[in-house]
Amino acid sequence: MPEGTTLEETARVTRLLGEAAFRLPEVVNVQTYAGAASPFNFNGLVRHYYLRAGANVGDVQVNLLPKHARDRQSHAIAKAMREILTPIARANRANVKVAEVPPGPPVLQTLVAEVYGPEESGRTRVASEIKSILENTDGIVDVDWYVEDEQARERIVVDREKAALHGISTSRSPALAQPRLGRRHGRPRPYRERQGRRAHRGPAAAQGPFESRQPSWCLRGSSGALVALGELVRAESGVAERSIYHKNLMPVTYVTADVAGAMESPVYAILAVGPKIDGIRIPEGYRVEQFTAAQPGSESKYAMKWDGEWHITYEVFRDLGLAFAAVLVLIYVLVVGWFQSLLTPVIIMAAIPFSLVGILPAHGMLDAFFTATSMIGFIAGAGIVVRNSIILVDFVELRLAQGMPLAEAVIDAGAVRFRPMMLTAAAVVVGSSVILFDPIFQGLAIALMAGEIASLALSRMAVPVLYFIFNPKKIPTREV
């Protein structure tokens, strides 16, 4: 809830959200917590929910039926629950986030935009524009930021000069040393103490924090005269200071968001909002630079860094891509040493891209998103494709060594080796099917299954044909 909301109001809205969540048929029970964090769990650890405290925060924990007693998976239930809770939250000025347990990678949120810059007002302005872009992008949900709402602050300030004129020491008088504020219905008010029940009104009433009431609490000065407390203090209204966050000694403003519905992978979200953020212009005449792998080198200019699950996804794509490239070089060297040819390894590895012919359309047909696990599946499948290609080429050269002509050797290799290749692909498909409907590892299953089927159909023909094309003068070692 907005900062300054009373605990009673937070509890009321929390109860409304809990009652709405309880209407889903898969929900067994709910627990609501207002003003304090829910019991410690892994979700609260990675997203810092266990640190929540204050009258404006609340948690609703939802327990579901066992998975064998319901038709929908927990991810689908979470998306349906978000659609129910979001309108209620907006109607009550609340910001609600639906977090699944476990939440996935140990990150603060799926999308985390860290805004850096020299001044707090400038960072807040840039963060506000980024927050608006995320809120207006389809598929991005649960948008929030680490900027508190403005809160009015009332301070009682002692007029030390006037107190000194009356001979009253601010350090020795408890009333002036620690002026106190009371609280009524969440709004600060001056703390009054009276000896009697009568409140005198009139032109002599003190101004400032005591308004029209003349306080009966007086202080005795050095001359023995009584001085009304209201004459020595005044009330000042202002805005409370906001929290300032730092990361690696650099001031930062956080904007967080999640992905659900139209997009389930942070890759698609970054591709959608990246160009829009590039359009943000700073009054000094430059655009906001976006970083992914490292923080900005200086805070002299306004910039932002992507963090959260997208940062992990980026590192997975980058590191696996570099490792895959290094492995391809190693495979090339080993195959050159085995076949004593610089061209044969190229023919063998030419079948690797064929798996993409099956992977990408399969993601589209199953309405799935290409994620980091999909990349892992593509690389894992590439190893099986290379093994099948090596078997085909080795079988061709075996037939050539037996004296079979080149044309017959490549045809025989594709026919004879088809059965073991098919059995290998079938084992991959059956083994991957158990995780096909898992919301996290679905991309891995699709990449392995579709990649193996496509490479089985294409590499069985493509590798022998390419070998025949690039080795037209290859002759049998001996006649049959």
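Arg234 and Glu236 form a salt bridge in which the closest N and O atoms lie 3.2 Å apart. The model is predicted. Its chain has 14 helices and 14 strands, and the structure holds 15 salt bridges.

**Salt bridges**
- Both partners of the Arg234 pair are partly exposed: Arg234 has a relative accessible area of 39%, and Glu236 has a relative accessibility of 30%.
- Lys97 pairs with Asp144, with 2.7 Å between the closest N and O atoms. This pair links distant parts of the chain, 47 residues apart: Lys97 sits in the loop between helix H3 and S3, and Asp144 in strand S4.
- Lys97 is partly exposed at 25% relative accessibility, whereas Asp144 is buried at 18%.
- Lys131 and Glu135 form a salt bridge with closest N and O atoms 2.9 Å apart. They are separated by about one helical turn because they are 4 residues apart in helix H4.
- Lys131 is buried, at 18% relative accessible area, while Glu135 is partly exposed, at 43%.
- A network of salt bridges links Glu114, Lys247, Lys305 and Asp307.

**Helix H8**
- Helix H8 runs over residues 309–339; at 1.5 Å a residue its 31 residues should span 45 Å, and the 44 Å between its end C-alpha atoms agrees with that.
- Buried residues in H8 include Trp310, Phe324 and Phe339. Their cover includes strands S3 and S14 and helices H7, H9 and H11.

**Whole chain**
- Of the chain's 480 residues, 41% count as buried.
- The accessible surface comes to about 26500 Å², with 58% belonging to carbon and sulfur atoms.

Definitions and conventions. Residues numbered from 1 in each chain as written. Predicted model: local features only at pLDDT ≥ 70, side-chain atom pairs only at ≥ 80, totals over all residues. Heavy atoms only, no water. Helix = DSSP H or I, 4+ residues; strand = E, 2+ residues; numbered from the N terminus. Expected span 1.5 Å × (residues − 1). Buried < 20%, exposed > 50% of the residue type's maximum accessible area, 1.4 Å probe, protein only. Contact = heavy atoms within 4.5 Å. Areas by Shrake-Rupley, 256 points an atom, 1.4 Å probe, with all protein chains shown as cover. Salt bridge = Lys/Arg side-chain N within 4 Å of Asp/Glu carboxyl O.
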